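Subject: Structure for you to look at

Hello,

Here is the structure I said I would pass on. Please open it and keep it beside this message while you read.

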Amino acid sequence: MRIGILASSLPAALKIQSEVEGVADSHSYVLLCRTPEETRLRSLFKHAARFVLKGGRYRSLRLMAEGRVLIFQEPLDHPRTLERLRRLRLDVGLHKLGAIYREETIKAFGLGILNPHIGLLPQYRGRSVMEWSLLEGNPVGVTLFFIDTGIDTGRRIVLREEVDISHCGSVEQARAFLFGLDAVLFRRALELLRDANFSYKLNDGSGHRYYVMSRLFRNVVEELIKADG
């Protein structure tokens, strides 16, 4: 299995790369992507600065020496970027990037791009879904699914797990904890995809699309988290 980790910086991708490296018969690449708002010079300076200032330099150097770190000088949907992606013949992309993917980018990966969503699909899609789950008295968790061009509408769910956040003392701590599970859950999802008996769960669109929670409701959720802790 050939895996591409889509990230905005090398340090952001290292934890994921380290975890998925343990998936049998796999080969992973770190794909450093430029946002449409960044100039080429700014993008290169950002990567250089984060390489110098962040940890994991030895691992970063090893990956670069092995040709497993690619820096795209054009946005993801640019024809030159798409051509490079196709030449890599990647099976799965792992989302660690603040970007919206267009259809041609998604199609550049054999199976598609996996997204870790901190809500339980299909019930909770959109924004602030962890907070809405808590406010409505329902479990929270993470769903890994193959994206399409909609908002959490990709139909193929690979992994869906409820997560205990009772040890968290605030909304931000809970969100950080859930997002921090991405590396472990990516590996688990990739291992499931390798299983000959694996079958997708269906994201059938039966839930609701949620929007950013207001400060009033968010304060209620903060109190619920504190009381639970």
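Predicted model: local features only at pLDDT ≥ 70, side-chain atom pairs only at ≥ 80, totals over all residues.

Aromatic rings

A pair of aromatic rings is described by the distance of the centres and the angle of the planes. The search of the whole structure gave 5 aromatic pairs. In one of them, Tyr124 and Tyr210 are stacked, with 5.1 Å from centre to centre and 20 degrees between the planes. Tyr124 belongs to strand 6 (residues 124-126) and Tyr210 to strand 10 (residues 208-210), so this pair ties together parts that are 86 residues apart in sequence. Tyr124 counts as buried, at 5% relative accessibility. Tyr210 is also buried, with a relative accessible area of 11%.

Another pair is formed by Phe146 and Tyr200, and here the arrangement is edge-to-face: the centres are 6.2 Å apart and the planes are at 75 degrees. This pair also links distant parts of the chain, 54 residues apart. Phe146 is in strand 7 (residues 141-146), while Tyr200 is in the loop between helix 8 (182-194) and strand 9 (201-202). Tyr200 has a relative accessible area of 33% and is partly exposed. Tyr200 has a charged neighbour as well: Arg156 lies over the face of its ring, at 5.6 Å from the ring centre.

Ring pairs also join Tyr124, Trp132, Tyr210 and Phe217 into a cluster.

Which strands does strand 4 pair with? Strand 1 (residues 2-7) is joined to strand 4 by 5 bridges, and the two run parallel. Strand 4 is joined to strand 5 (residues 112-117) by 3 bridges, and these two run parallel as well. Of the 5 residues of strand 4, 4 are buried, so the strand is largely enclosed by the rest of the structure.

His95 lies in this strand, which covers residues 92-96. His95 is buried, with a relative accessible area of 17%. The side chain of His95 reaches the backbone oxygen of Leu97 at 3.0 Å. Leaving aside neighbours within four places in sequence, His95 is in contact with Leu6, Tyr101, Ile113, Leu114, Asn115, Pro116 and Phe186.

His27

His27 is found in strand 2 (residues 27-32). At 32% relative accessibility, His27 counts as partly exposed, whereas His95 is buried. Not counting residues up to four places away in sequence, His27 touches Met1, Arg2, Ile3 and Arg68. His27 and Arg68 are 41 residues apart along the chain, and their C-alpha atoms are separated by 9.0 Å.

Cysteines

How many disulfides does the structure hold? The number is 0. Cys33 counts as buried, at 2% relative accessibility, and Cys168 is buried with a relative accessible area of 4%.

To find your way around, you could begin with the stacked pair of Tyr124 and Tyr210 and then turn to strand 4, with strand 1 and strand 5 joined to it.

Regards

Definitions and conventions
Residues numbered from 1 in each chain as written. Heavy atoms only, no water. Phe/Tyr/Trp six-rings, centres within 6.5 Å; stacked < 30°, edge-to-face > 60°. Helix = DSSP H or I, 4+ residues; strand = E, 2+ residues; numbered from the N terminus. Buried < 20%, exposed > 50% of the residue type's maximum accessible area, 1.4 Å probe, protein only. Lys NZ or Arg CZ within 6 Å of the ring centre and 35° of its normal. Polar contact = N/O pair within 3.5 Å; in protein donor to acceptor, adjacent residues only side chain to side chain. Contact = heavy atoms within 4.5 Å. Disulfide = S-S within 2.5 Å. Pairing = 2+ DSSP bridges.
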